[in-house]
Amino acid sequence: MDKIKYGKLTLELNSENDGYVIVECDKDVTIVDVPKKVNEIPVVAIGDYAFSECNNLVTITFPNYDINDFADGNLLYEIGEHAFSHCYSLEIIEIPDSVLTISHGAFSNCSSLKKATFSNNAYVAPYAFYECKSLVEVSYITDISEGIFSGCESLPIFPVSNNTKYIEEDAFEGCDSLTEITIPASVKTIGKLAFRGCSNLKLVHFENKDNWYWHYRYKDTIIPIDVSDPIKIAKWLSTMDFDDGVDDLFRK
């Protein structure tokens, strides 16, 4: 497909030829204003690796959509894999509600990123915020993907909604600033090593304390566990290792 330049951005038409995808950006960019349209054609996605390693990028502004834009459906709807990975100077991301997919590793290794907001309806893929060491504010999420906040050592909150059913493996690994969390009653599964290395985690409260088990892979059996002691369960979850043989915790 033919590519066009728009300022420091490079765009190309999507496969349907009805929207532009940002596929690349000049590496020296410091400020980006994502356009709503280019040549009257809507910008509908940010492609894989489009801004990856733009080390000087400090600010990116997304379009403000009104009710007519949503009615037309010509909106930015996706941020691709590793789209902003290794953007070391990026500090704040405010993603419009139109974006319903934030892909694998989209903001991984953005070490200066402090705030990320997006729609509660968005699917946030595995490792989207991996190693965002400065992250302190983020939207609450329903689907907690694998490794989504792994290495986010400054994250002080547990951004899990009351509708969350699954917390996948490695989700909060190494989140040293988590001290106390509450597992909503909606949660049915906690993946292996989800809280490994959360060195300051002291209390884990389960809203539903009944019928929890863990899967012991060495003997392929399940064992009932008591989650009523918030201090004991916090220590266990934060010190899990691969040798423990625990694949996941689940509630029947």
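Me: Before we look at this predicted model, what does buried mean for a residue?
Reply: The word rests on relative accessible area, taken with protein chains only. A residue over 50% is exposed, and one in between is partly exposed. Buried means under 20% relative accessible area.

Me: Are Phe149 and Phe172 buried or exposed?
Reply: Let's take Phe172 to begin with: its relative accessibility is 0%, so Phe172 counts as buried. Phe149 falls in that class too. For both Phe149 and Phe172, the word is buried.

Me: How many aromatic pairs does the structure hold, and what is the angle between the planes of Phe149 and Phe172?
Reply: The structure holds 16 aromatic pairs. In one of them, Phe149 and Phe172 lie 5.6 Å apart, centre to centre. Planes under 30 degrees apart count as stacked, and this pair is stacked, at 25°.

Me: How many residues apart are Phe149 and Phe172?
Reply: Phe149 is in the loop between β13 and β14, while Phe172 is in the loop between β14 and β15. Their pair thus links distant parts of the chain, 23 residues apart.

Me: What is the angle between the planes of Phe172 and Phe195?
Reply: Phe172 also pairs with Phe195, at 5.6 Å centre to centre. Phe195 is buried, with a relative accessible area of 0%.

Me: Which ring does the charged end of Lys252 sit over?
Reply: A charge such as NZ of Lys has to be within 6 Å of the ring centre. For Lys252 the distance is 4.9 Å. The ring belongs to Tyr213.

Conventions
Residues numbered from 1 in each chain as written. Predicted model: local features only at pLDDT ≥ 70, side-chain atom pairs only at ≥ 80, totals over all residues. Heavy atoms only, no water. Phe/Tyr/Trp six-rings, centres within 6.5 Å; stacked < 30°, edge-to-face > 60°. Helix = DSSP H or I, 4+ residues; strand = E, 2+ residues; numbered from the N terminus. Buried < 20%, exposed > 50% of the residue type's maximum accessible area, 1.4 Å probe, protein only. Lys NZ or Arg CZ within 6 Å of the ring centre and 35° of its normal.
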